[in-house]
Amino acid sequence: MMSTVALFFFPALMAFAASSDLLTMRISNRLVLLLAGGFFAVALAINMPMQDLAMHVLCSLAVLAVAFTFFAMGWVGGGDAKLAAATTLWLGFGLTLPYLVYSALFGGLLTIVILALRRLPLFPMLARFRWLERLHDNKSGVPYGIAMAAAGVMVYSNTAIFAQLSV
């Protein structure tokens, strides 16, 4: 039972991050901390070798440094930067590049779809939903956390954590 909970912990939090970003254009610090803390709990529970654990942390710190540089330049949101770091904590160096590529591809597709939908009028019936109105606004950004969450879940099944928990 506990391994099943641990197995679905990451995908459940990524789904929550995606829905939160869609509905509020925010990814909370609590969610990111829960994702990071969950990694350490699961890593200890599966007896991840200390060297592997250290490499996952190093990977996450490297991604955090680059992502916050992008945030400082106004290219990404702060929540996206923190989510990327917490996600790569689970993935490690071996899966970070595929995660980033999938994030970029999904994010590009998401951006194209949102920009295309913004050219269409928003039906009054839908305009009563604040999140849809915000999503339709040309001055609003794109909830990139959706793409990042989808990419994270897609790559997760290739992690050592997933392999150990799904046995």
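Let me begin with a term: a residue is called buried under 20% relative accessible area, exposed over 50%, and partly exposed in between, using a 1.4 Å probe and protein chains only. By that rule, tryptophan 90 is buried, at a relative accessible area of 0%. Phenylalanine 10 is buried as well, with a relative accessible area of 0%.

A quick word on the model. It is predicted, so local features need pLDDT of at least 70 and side-chain atom pairs count only at pLDDT 80 or more, while totals for chains, interfaces and linings use all residues. Residues are numbered from 1 along each chain as its sequence is written, and side-chain values use heavy atoms, leaving out hydrogens and water.

Now, the rings. A pair of aromatic rings is described by the distance of the centres and the angle of the planes. Rings of Phe, Tyr and Trp (its six-membered ring) pair if their centres lie within 6.5 Å; planes under 30 degrees apart are stacked, over 60 edge-to-face, and the rest tilted. How many aromatic pairs does this rule give? The count comes to ten. In one, phenylalanine 10 and tryptophan 90 have ring centres 5.2 Å apart and planes at 40°, so the pair is tilted. This pair links distant parts of the chain, with phenylalanine 10 in helix H1 (residues 2-24) and tryptophan 90 in helix H4, 80 residues apart. Helices here are DSSP runs (H or I, at least four residues), numbered from the N terminus. Ring pairs also join Phe10 and Trp90 into a cluster with Phe9, Phe39, Phe40, Tyr156 and Phe162.

Let's stay with H4 and look at its neighbour. Helix H2 (residues 29-45) packs with helix H4 (residues 78-91) at an angle of about 10°, their axes 9 Å apart. Axes are lines fitted to C-alpha atoms over the stretch in contact, and angles run from 0 to 180 degrees between N-to-C directions. Residues in the contact (heavy atoms within 4.5 Å) include Phe39 and Phe40 of H2 and Trp90 of H4.

Finally, a salt bridge: a side-chain nitrogen of Lys or Arg within 4 Å of a carboxyl oxygen of Asp or Glu. The whole structure has one. Which side chains meet in it? They belong to arginine 130 and glutamate 133, at 3.9 Å, N to O. Arginine 130 is exposed at 55% relative accessibility, whereas glutamate 133 is partly exposed at 37%.

Terms used
Helix = DSSP H or I, 4+ residues; strand = E, 2+ residues; numbered from the N terminus.
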